[in-house]
Structures are given as structure tokens and as C-alpha cells.
Amino acid sequence: MAAVLHGCRRSFLVTLLLLLAIALSAEAKIRHYRFHVAYQYKSPDCFQKLSVTINGQSPGPTIIAGQGDTVVVEVNNGLLTENTAIHWHGIRQIGTPWSDGTEGITQCPIAPGETFVYKFVVDRAGTYMYHAHYGMQRSAGLYGMIKVAVPEGAVEPFSYDYDRSIIVNDWWHKSTYDQAAGLSSIPFVFVGEPQSLLINGRGRFNCSMPSTTGGVCNLTNPDCSPSVFTVVPGKTYRFRIASVTSLSALNFGFEGHNMTVVEADGHYVKPFVVENLNLYSGETYSVIVKADQDPSRNYWASVNVVARKPSTATGTAILNYYPNHPSKLPPTTPPAGPQWDDTIVRFNQSTAIRAHPDHVEPPPPTSDRTIILLNTQNRIDGHTRWALNNVSFTLPHTPYLIALKHKLKHVFDSKPPPESYDYRSYDIQSIPSNPNATSSSSIYRLDFDSTVDVILQNANTLNPNNSETHPWHLHGHDFWVMGYGTGKFDPSVDVASFNLVDPIQKNTVPLHPYGWTALRFRADNPGVWAFHCHIESHFFMGMGMVFEEGVEKVGRLPRSIMGCGESKRLITKNL
Ligand SMILES: *[C@@H]1O[C@H](CO)[C@@H](O)[C@H](O)[C@H]1NC(C)=O
Ligand SMILES: *[C@@H]1O[C@H](CO)[C@@H](O)[C@H](O)[C@H]1NC(C)=O
Ligand SMILES: *[C@@H]1O[C@H](CO)[C@@H](O)[C@H](O)[C@H]1NC(C)=O
Ligand SMILES: *[C@@H]1O[C@H](CO)[C@@H](O)[C@H](O)[C@H]1NC(C)=O
Ligand SMILES: *[C@@H]1O[C@H](CO)[C@@H](O)[C@H](O)[C@H]1NC(C)=O
Ligand SMILES: *[C@@H]1O[C@H](CO)[C@@H](O)[C@H](O)[C@H]1NC(C)=O
Ligand SMILES: *[C@@H]1O[C@H](CO)[C@@H](O)[C@H](O)[C@H]1NC(C)=O
Ligand SMILES: [Cu+2]
């Protein structure tokens with residue numbers, strides 16, 4: 001009897017789901033994009049540089065879709081002598097782990113001349129981004145935004161008249177090859193602070209400054225005329241802001257205007273008002289701004305470096321009050337932003353980000369597994385690297401997804417990486433007495449559907465009195481931000497302080513200097529997912545890792561992701 005009842009309820013549910021699917025599919029659309037990736041000379045900050053462009057632009061075209069739509073992007077690699085891959089940052093790739101765009105993890109690189117098709121569902125409304133995930137190509141200009149609209153009729157917990165997008169970036173005059181070679185060299189050559197900060201791909205380098213590379217610098221080049229955001233007095237604006245920086249944490253603000261933060265990484269935020277907003281690389285926000293100031297003039301939009309000692313000029317754009325002339329410069333000097341080393345202010349802003357009361361999805365109350373990761377700067381055979389629990393990450397030649405799904409042996413280090421470190425005795429305030437670490441391509445294999453806690457613990461670098469800020473990004477999931485702390489994480493005390501009530505869900509989160517950040521996620525998305533510091537040079541130097549979950553549940557892999565390393569064999573075997 002129970003079984004029959006159960007069966008009845010099940011078929012009712014199935015019917016309901018089918019109806020829902022039909023209702024949804026009636027609305028779901030296919031959004032088709034063609035991206036031609038190529039080098040072009042551009043002068044985004046007035047200084048001419050070979051930039052990676054999409055269809056001749058950097059930033060590339062904004063992908064616009066509705067929740068539930070399928071996005072298809074045909075990427076043609078026109079870089080002539082360089083591979084590529086594009087990651088859709090914030091899109092979880094449920095059911096399509098091979099479209100995550102992480103070279104060496106979910107796919108082989110796209111070779112010059114090849115076309116690769118990414119196809120995925122954008123299952124949740126919000127603000128996201130895309131960028132290269134091959135070498136250090138992102139910093140050469142390959143990036144753009146993704147805007148996913150709520151379904152027709154759905155109400156958001158805030159209102160506005162117009163929707164605008166802002167993507168910020170830091171910019172170097174040296175090529176990414178110069179940068180990568182320096183990072184891998186003995187002696188080590190760091191990429192250094194950026195030459196400029198760009199707002200929607202536009203900045204301004206002082207052409208009279210001595211340049212490290214020489215070259216054409218022309219302040220009247222139209223490429224570097226400032227970005228303009230025109231507003232109508234009295235109207236309310238939603239600004240979607242994304243940071244795709246390679247190194248810098250930035251502080252963003254509109255001169256004379258407060259902002260109400262309402263969205264973070266695709267999740268609604270319990271609204272809070274700020275004069276300026278800290279943005280860590282890989283994060284997205286929506287803020288609401290009312291054009292309610294003196295309309296007789298224009299105002300600055302500005303970005304400043306925080307968390308590292310700045311040596312880059314303020315990046316600016318113009319907030320233009322209609323009908324003033326859009327290029328009329330504000331009569332003031334651009335805001336210099338908060339003090340760069342005021343860690344407490346940034347820490348407090350991070351903790352202020354909570355889920356909107358009407359949109360709370362509570363986390364599981366406990367976790368099945370806790371991974372504690374000590375973030376350190378290290379040396380390996382004289383090279384400067386970053387490591388987690390003394391292991392510095394290296395990518396294998398055969399992508400993990402293919403290796404695991406097809407049970408290819410010996411393509412990566414199969415010994416599991418350490419779950420923890422000696423946290424009782426490690427002194428996070430000092431330079432390690434022995435900074436030698438090891439490198440490995442090993443990965444964390446998670447039980448499918450288990451709940452995992454990750455504790456990121458910061459420490460001193462190899463320089464005295466220095467601990468950096470690391471923005472950590474997880475692919476394939478949103479995690480709950482369980483808490484932030486200063487000093488050393490103590491499991492016996494700090495777990496009790498976790499926010500089980502209204503933690504925000506994000507895909508990128510900062511780890512503040514000498515502090516800790518705790519995350520919780522459910523390993524419920526079959527695939528192989530990168531988890532890494534979003535600073536381009538840090539990931540390049542080993543600051544990352546990979547999680548595998550439910551790889552046996554992954555569907556048949558497309559052959560287009562194969563062809564490198566041991567996966568060559570699969571193609572010739574015609575699998
Ligand atoms: C540009 O740099 C030159 C040389 O360093 C300096 O004299 C000048 O004041 C700078 N101009 C601006 C607008 O910062
Ligand atoms: C600078 O660019 C402008 C506009 O493209 C051009 O007219 C001018 O000749 C350039 N100046 C130099 C010195 O190249
Ligand atoms: C912005 O907020 C601050 C502090 O909450 C307040 O003192 C200031 O008056 C506000 N500015 C505007 C332009 O509303
Ligand atoms: C940060 O937050 C703490 C706790 O709410 C508060 O005591 C402190 O004054 C804040 N500090 C700053 C600089 O905002
Ligand atoms: C670290 O490794 C280097 C070789 O790369 C070695 O010369 C040095 O002695 C090691 N340092 C310590 C403290 O063991
Ligand atoms: C890293 O490895 C070195 C060399 O084996 C060791 O001396 C050091 O204590 C280790 N550090 C950590 C954090 O485990
Ligand atoms: C350590 O560095 C901070 C800036 O990050 C500075 O404010 C502080 O004075 C420094 N302390 C010492 C002892 O050098
Ligand atoms: Cu980092």
C-alpha cells in the first residue's frame with residue numbers, strides 16, 4: 001500500500017516536473033555567439049600594446065541571456081601561434097563540466113586556427129563574467145561580461161530604471177610572455193604593479209612618464225578616451241560591476257554618490273549602503289545608485305588599488321548628468337579611495353555581505369569533511385612559488401576530466417594532497433624558517449553529495465611584515481561564506497562562530513592578510529573543478545588545486561575537448 005501511494009506521488013511529481021520543464025522550455029532560448037579571438041594593436045590607456053581581442057574588441061561582447069537559456073559560443077582561435085581556452089566565470093556548468101573552459105582541467109587547449117564550441121545553460125539570473133583560462137592570457141585583454149536576466153514576471157528585491165555594466169581591470173605594458181618568463185626565472189622577476197587601471201577597457205597612462213618598454217603613447221588616441229556613464233537626474237540605476245584584475249584588489253566609487261549593494265556573484269544581498277566598494281578579482285556586484293546630486297556638473301567614477309602599496313594612478317570614468325556634455329571633466333580631483341593598508345575596513349565590508357532575508361538558502365548545519373589550507377609563499381629548486389599545505393600546484397598534460405572519466409593512469413600524481421597542516425605550531429606571523437615546498441598535480445577527490453568545509457589560512461610571505469590578499473575562486477559551485485577571522489583559525493573555537501543563519505553564497509571570496517576565511521559547499525556537481533587564487537600570477541605560481549566529485553556520473557565527453565597528452569590515444573581509438 002505504502003509502495004503504491006509512494007508510486008502515485010512519484011508519478012504526480014514526475015508529471016509536475018514535466019509540465020514545469022515544458023513551461024520553462026517554452027521560454028528558454030538559445031543564445032548564439034561567435035567569438036573570433038585575435039591579437040590587435042590597441043591603446044586602452046593611450047599606450048599602444050598588442051592585446052587579445054574578441055571580434056576586434058577588448059573587453060569582448062557582453063553575453064546577454066535569460067535564466068534557463070542555453071548559451072552557445074563558437075570560439076575561433078585566431079592567435080596564430082598561441083593556444084587559448086575561455087572560462088565562464090560563475091556559471092556552474094551543471095551537466096556540462098566539459099564546457100568550463102579550464103585548460104588542463106576540463107579540456108585540451110584550443111589550438112591556433114581551431115574552432116571550439118562551448119554550450120551551457122545559464123541556470124541562475126545574475127551578473128557573471130568570462131575570461132581566458134590559458135597561461136596568463138586573461139591579462140592581455142581576453143575578458144567580458146555575462147548578464148543573465150530574471151525570468152519574465154519574476155520580481156527582484158530592489159528596483160531601478162536602467163541597468164548599466166562596468167568591468168574593471170588592471171593593465172601592463174609588458175607582454176604576458178615577458179611576465180610569465182620573469183615569474184619562472186631565477187632570479188625571480190615579479191610582474192610589478194600595473195601601469196594603469198581600466199574601466200570598461202579604458203584608462204589613461206601618463207605618456208610623459210618613463211616607460212619600461214618604449215613605444216607609442218598618444219593621449220589623443222580615441223581608444224583611451226574615458227568611459228562615460230550618462231544618467232538622467234532623478235533616475236535610479238543598477239550598476240553591475242565585475243572585477244577581472246590580474247593582480248590588484250580595487251576600491252570603486254562614484255564621487256558624491258552612495259551605493260546600495262544588492263547582488264554579489266549572482267545572489268541577492270541584504271542591502272547595505274557604502275561610499276565605496278572593495279572588489280576582489282573574480283567578484284561581481286550590483287549596486288543601486290540614485291542620480292540625485294547637483295545636475296549642473298559631471299562626477300568621477302574611480303578605482304584605486306587597495307591591499308597592495310599602490311603605484312598606479314587612479315582609474316577614472318565620467319558619471320555624466322544629462323544634458324551636460326559627456327566629455328566635460330568634473331571640476332574636482334578624482335577620489336583617491338580609502339587608505340590602501342586599512343585591512344580592518346575591508347574585512348568589515350566582507351563580513352557585511354549577507355544573503356537577502358527573502359532569499360536565504362541555509363547551508364547544511366554540519367560538514368562531512370574539513371580541508372584546512374595554509375597559504376604560503378615558498379621556494380622550489382630556487383624558484384619562487386605559492387603553495388597550499390606545502391604543495392604547489394602544477395597542471396598535467398592530460399586534462400583531469402578526461403583522465404578520470406577514461407581511467408587513464410599515470411597522467412597526474414595520484415597521491416592525495418594533505419588535508420591539513422600543523423596549525424598548532426605554525427607561526428603565521430613569521431617568514432617560514434624552511435620555505436622549501438614540493439610541487440604536485442595531485443587532486444582532492446570528494447564523496448559525491450557530501451558537504452565540504454574549506455578553511456583558507458593566510459600567513460606571512462617571504463618578505464618581513466607582509467601577508468597578501470588572495471581572492472579564491474571555486475569553479476562549478478557557489479559556496480556559503482561561513483565566516484572570516486583574523487589570526488589563526490582554531491577549529492575548537494571558530495567553527496562555533498560560523499554563520500548558519502544568512503551566509504551569502506559566492507564563487508569568489510577574499511582571504512585577508514594574516515586572517516582566515518571559511519567556506520562550505522556541497523559536492524553535488526559531477527565533474528572536475530578548479531579552486532584557485534584568482535590573481536593570475538599566483539595561480540601561475542602554483543596557488544590552486546582541483547576537486548573531483550561524481551566523475552562516474554558525468555555523461556559522454558565530447559571529443560572536441562581531447563587531443564592533448566594521453567587523450568590523443570582516445571581520438572585515434574575512435575572512442
Ligand atoms: C606626468 O609625468 C610627468 C613626469 O613624471 C610629471 O611631470 C607630470 O606631472 C605627470 N602628469 C600628470 C597629469 O600626472
Ligand atoms: C595621436 O592620435 C591622433 C588621433 O588618432 C592623431 O591625429 C595624431 O596624429 C597622433 N599623434 C601622434 C604624435 O602620433
Ligand atoms: C553617504 O553615506 C554616508 C554615511 O552613511 C553619509 O554620511 C553621507 O551623507 C551619504 N552621502 C550621500 C551623498 O548621500
Ligand atoms: C569593524 O567592525 C567591528 C565589529 O563590528 C567594529 O568594532 C569596528 O569598529 C569596525 N572597524 C572599522 C574600522 O570599521
Ligand atoms: C631548500 O632547497 C634548496 C635546493 O633547492 C637547498 O639548497 C636548501 O638547502 C634547502 N633549504 C633548507 C632549509 O633545507
Ligand atoms: C614545508 O616543507 C619543509 C621542508 O620539508 C618543512 O621544513 C616545512 O616545515 C614545511 N612547512 C609546512 C607548513 O608544512
Ligand atoms: C607592517 O606593514 C604595515 C603595512 O602593511 C605597516 O602599517 C606597519 O607599520 C608595518 N609594521 C612594521 C613593524 O614594520
Ligand atoms: Cu593569491
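Student: Where is Lys506 found?

Tutor: Lys506 sits in strand β28 (residues 505-506), a strand being a DSSP run of E with at least two residues, numbered from the N terminus. Keep in mind that this is a predicted model: local features need pLDDT of at least 70, side-chain atom pairs count only at pLDDT 80 or more, and totals for chains, interfaces and linings use all residues. Residues are numbered from 1 along each chain as its sequence is written, chains are lettered from A and ligands numbered from 1 in the order in which they are written, and side-chain values use heavy atoms, with hydrogens and water left out.

Student: Why is Lys506 called buried?

Tutor: Its relative accessible area is 2%, and buried means under 20% (exposed is over 50%, partly exposed in between; 1.4 Å probe, protein chains only). So Lys506 counts as buried.

Student: What does the side chain of Lys506 have a polar atom close to, 2.7 Å away?

Tutor: The backbone oxygen of Thr508. A polar contact is a pair of N or O atoms within 3.5 Å; within protein, one must be able to donate a hydrogen and the other to accept it, and residues adjacent in sequence count only if both atoms are side-chain atoms.

Student: And His473, buried or exposed?

Tutor: Buried, because its relative accessible area is 1%. His473 lies in strand β26 (residues 470-474). Its side chain makes a polar contact of 3.4 Å with the side chain of His89, and a polar atom of that His473 side chain lies 3.0 Å from the backbone oxygen of Asn507.

Student: Which residues touch the most other members of the largest nonpolar core?

Tutor: Phe239, Phe531 and Phe547, out of 66 residues. A nonpolar core is a set of buried Ala, Val, Leu, Ile, Met, Phe, Trp, Tyr and Cys residues joined through side-chain atoms within 4.5 Å. Strand β18 (residues 299-306) gives the most to this core, with four residues.

Student: Which residues are around ligand 3?

Tutor: Gly256, Asn258, Glu275 and Gln293; to be near, a residue needs a heavy atom within 4 Å. A polar side-chain atom of Asn258 lies 2.3 Å from an oxygen atom of ligand 3.

Student: What surrounds ligand 4?

Tutor: Ile344, Val345 and Asn348. An N or O atom in the side chain of Asn348 is 2.3 Å from an oxygen atom of ligand 4.
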